[in-house]
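Colleague: I have a model open and some questions about its packing. Can we go through them one by one?

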Amino acid sequence: MHLIQVDSVQRWMEDLKLMTDCECMCILQSKPISIEKDEQNELILSSQYSTCDNLQLLLKRAWIISTELTRIAQKLEKNRWQRVHSMTVRVNCHVRSMINEYNSFTRSSSEETHQLEKLLIDKCSEFTAFTERCLQTEDEEILKSMKSCVNETLTTVAQYFGQLIELVLTHEAQNLLRQIELSGSLYVTESAISSLFSLAQEGAQLCRIIAKEGGVVALFKICRQDCFRCLYPQTLRTLASICCVEEGMHQLEKVDGILCLADILTDNSHSEATHAEAAAVIAQITSPHLTFTQHLSSFLENMEEIVTALVKLCQEASSGEVFLLASAALANITFFDTMACEILLQLNAMKILLAACSNRCIVDTPYSRDQVVTILANMSVLDQCASEIIQGNGVQLLMEMLFEKSSSGNPAEVAACERVQQKSAVTLARLSRDPEVADAAVKLSCIPRLIKLCRSPTERNNSDSVLVACLAALRRLAVMSPDGLEDSDFQQLVKPRLVDSFLLCTNMEESFV
């Protein structure tokens, strides 16, 4: 969404490009030159609208209307009747323009759509007239009694608007899916899939609509036809977006989507891009953040060959992006089922992942290191992992990860760095039950680093989860090597209950360290 801040006159001139001539007077009325501060924050469509896809323009217009309706409710709460009326007029104009724009590019609209359009336009006109009467009334008691009616009308407008948008988007999704189903043309199919992907990027509600209309079924049908092989990456990317919602997951299960993904991943004739996008779908449907993955029973049947293919993809990845997608899928699978860790151990996955981390061109971001250390943390519950870690110089890698810092300050990257620090400490704590690993960690000065992370909030970016993990790792290492700690560290960070040490560290000032 391209949003810019302009004054009232500039706003009017921009909107003229989107309004029909008969609405010019309304536009003028709804853009008073106001001294109110929030006049500078009005939302408008970018003047580059002519280059936008019709559906994208519709979605932008819908977003603006939705935002304006929310702001009307806020102004109404404060009894700002002048603003309520001007914004109501503006919404009226946007609604009419949105309907005109949609009808100008749609091939056919259903009778239900036309009825909703009429209901919405009539209710918007009624709303505008209502707020105008309120503007002309100065009696506070009358205004109070009218306010509840205005609120009801606003609610009705919002309901009609929501119903119309959902109906329109459903109709457009049906059209796109019909093109995918019926067209034998590579160009038409590619264009339809591209439009479907753009729609899926607009949020969970659109993904639900696409899934309900058979989007997952249609896309997997493409992935089963050799004549569309060049479209597999794009198709799989769209599937990954749609499968973020429960409806998409149910559809995937119904069409044996897991088996199709397994076939793609294990087929060496496919391109690396296709394998990477298939890995992205696996990462999406096995995400530990989703609560509706339990029904994926078919995943367990194909897990071994999927994990094997993903490990191979990590090993042969030609770029950081491919490695990230493959490792993310593996990381999620280790949460999904504990048997995955045993399979990874048999495949020498730890050795492959540790080797990849030494290649800065492949493991090049905190996000990739987050996936690797997640796999290591989940595998570290197995006793056999300790020897693998020692052989692959894994303790050194875990030590380096305790120093993970964001170079950009980007919030997402900072959060990834915190996860890397936390999980590396967790992995150290788990593996240090083995004396050989504990000895290697002590020799690499892990104890001073853990103490620094506990005592210095800025070192851990004030993260409580990092603190808890570091305290746990420190206590495990202290048992194995008590001589590595000074008495003050032992008395404050090891000897007390964990919760007491945690409270002590969270209340520390930087100057204390």
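Colleague: Is F299 buried or exposed?
Modeller: First, the ground rules. Residues are numbered from 1 along each chain as its sequence is written, and side-chain values use heavy atoms, with hydrogens and water left out. Buried means under 20% relative accessible area, exposed over 50%, partly exposed in between (1.4 Å probe, protein chains only). F299 has a relative accessible area of 0%, so F299 is buried.

Colleague: Which residue forms an aromatic pair with F299?
Modeller: Rings of Phe, Tyr and Trp (its six-membered ring) pair if their centres lie within 6.5 Å; planes under 30 degrees apart count as stacked, over 60 as edge-to-face and the rest as tilted. Searching the whole structure gives one aromatic pair. It is edge-to-face, with 5.1 Å centre to centre and 85° between the planes, and the partner is F336.

Colleague: How many residues apart in sequence are the parts that this pair ties together?
Modeller: Helices are DSSP runs (H or I, at least four residues), numbered from the N terminus. F299 sits in helix α14 and F336 in helix α15, so the pair links parts whose separation in sequence is 37 residues.

Colleague: At what angle do the axes of α14 and α15 cross?
Modeller: Axes are lines fitted to C-alpha atoms over the stretch in contact, and angles run from 0 to 180 degrees between N-to-C directions. Helix α14 covers residues 297–316 and helix α15 residues 320–336. Their axes come within 9 Å and cross at roughly 145°.

Colleague: How many nonpolar residues are in the contact of α14 with α15?
Modeller: Contact means heavy atoms within 4.5 Å. Among the residues making it are M303 and L310 of α14, and S327 and I333 of α15. Ala, Val, Leu, Ile, Met, Phe, Trp, Tyr, Cys and Pro count as nonpolar, Asp, Glu, Lys and Arg as charged, and the others, Gly among them, as polar. The contact has one polar residue, no charged ones, and nonpolar residues numbering 16.

Colleague: Which residues is G215 in contact with, leaving aside neighbours within four places in sequence?
Modeller: G215 lies in helix α9 (residues 215–222). At 0% relative accessibility, G215 counts as buried. Its contacts beyond those neighbours are L177 and I210.

Colleague: What is the mean pLDDT of the protein chain?
Modeller: Over residues 1–6 the pLDDT is below 50. Where pLDDT is low, the predicted coordinates should not be read in detail. In the chain, 88% of residues reach 70 or more, and the mean is 84.

Key. This is a predicted model: local features need pLDDT of at least 70, side-chain atom pairs count only at pLDDT 80 or more; totals for chains, interfaces and linings use all residues. Helices (H or I, at least four residues) and strands (E, at least two) are DSSP runs, numbered from the N terminus. pLDDT is the predictor's confidence in each residue, from 0 to 100.
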